[in-house]
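Dear colleague,

Please keep the model open while you read.

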Amino acid sequence: MTAPFPTPVAGDDQRLLSPEELEAALRDIGARRYHNLHPFHRLLHDGKLNKDQVRAWALNRYYYQAMIPVKDAAVLARMHDAELRRVWRQRIVDHDGDAPGDGGIERWLKLAQGVGFSRDYVLSTKGILSATKFSVEAYVHFVKEKSLLEAIASSLTEMFSPTIISERVSGMLKNYDFITKDTLAYFEKRLTQAPRDADFALDYVKQHATTPELQRQAMAALTFKCNVLWTQLDALYFAYVAPGMVPPDAWQPGEGLVEETSAATGGRRGPFVGSDVPRLPRGVRLRFDEVRSNHVLLAPERTFDLDDNAVAVLKLVDGKRSVGDIAGELATIYAADRSLIEADIGVMLADLAQKRVLER
Ligand SMILES: O=C(O)c1cc(C(=O)O)c2c(n1)C(=O)C(=O)c1cc(C(=O)O)[nH]c1-2
């Protein structure tokens, strides 16, 4: 069988690397290919995504989380040594927990719920991109089909995860008002679990990759796994950032969400009132569409036609003017009653907020 990805060579002339050289070569793979370098992660951590794009990440990443114990059970099934199984089974416990309501998958569900999803929608895995499923399933197949050394080596991306997790948690808390420490609780445990798991796997690989060929296989396994993580972000980027092509059946913003209550959003539903300050969410823009020869609201994966009244209002939405200010300006321009305008635009803005192209 031909290798699915180009496999790195073990050294200049396939010589046996020392354990330290092997570790350095593995770390170098991460330095060049780990998913912290992916543009989607840069956007996520720097606060450049809108809420729906963060939701798409949380939803798709759930599939990875949910399949990790399936992957680890497959690895476990290949271990003929009870001592090894005793160590590895901890990974399954970490994700599944010891009791209902416990464990990493549950904490990821909390994260997904924290950004607005209904638990049942996430659990259904409906709406997850096919490309996410393909990547994650490729990982499960890989550990079943390849040697135990390769299966263990493929988990070594975890060597690099504490850095990305710290960066992600601080970046997201700083940059998104809808993200709380509670929502990101998943990552707290990973900060101790990942280094523990990675240390064990790295020792195993250094001890068992005893020929140039085995060392090459270990490096190829880590490269493969970096690609598993990278392609998941490619898929998210393509569907929800640019060009914004959401495949049929994949999650569309607005789907699978819990009806937002004031407690969940920190905001209110219903008409906007005079003191509300409307703003366009990140990624939503008011644009003149030459083809339609009309203004539209451009969201990452949707376009909304606007009538003249909406255009007049949205031209004044700048995240600074309140509804009262906007009504005041329009009342002057159109010589109309300010309180009537305020009531009208309150309803109109609430309708746009319902469609998630406006925030207060
Ligand atoms: O947040 C991350 O960037 C990240 C990365 C990785 C990784 O590098 O594979 C894992 C996780 N998180 C994670 O939470 C997790 O449980 C996990 C298990 C594994 C694995 O390969 O067995 N990787 C990862």
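**The ligand and its shell**

A polar side-chain atom of Tyr-186 lies 2.5 Å from an oxygen atom of the ligand, which falls under the definition of a polar contact (a pair of N or O atoms within 3.5 Å). The protein covers 100% of the 470 Å² of accessible area that the ligand has on its own, where accessible areas come from the Shrake-Rupley method with a 1.4 Å probe.

Please bear in mind that this is a predicted model, in which local features need pLDDT of at least 70 and side-chain atom pairs count only at pLDDT 80 or more, while totals for chains, interfaces and linings use all residues. Residues are numbered from 1 along each chain as its sequence is written, and side-chain values use heavy atoms, with hydrogens and water left out.

Lys-71 also has a polar side-chain atom 2.7 Å from a ligand oxygen atom, and for Arg-168 the distance from such an atom to an oxygen atom of the ligand is 2.7 Å. In total, 22 residues surround the ligand, and Tyr-34, Lys-71, Tyr-139, Tyr-186 and Lys-225 are the closest, a residue being near if one of its heavy atoms lies within 4 Å.

Which helix gives the most to the shell around the ligand? It is H3, with five residues, and this helix (a DSSP run of H or I, at least four residues) spans 51-76.

With best wishes

Note on methods: A polar contact is a pair of N or O atoms within 3.5 Å; within protein, one must be able to donate a hydrogen and the other to accept it, and residues adjacent in sequence count only if both atoms are side-chain atoms. Helices (H or I, at least four residues) and strands (E, at least two) are DSSP runs, numbered from the N terminus.
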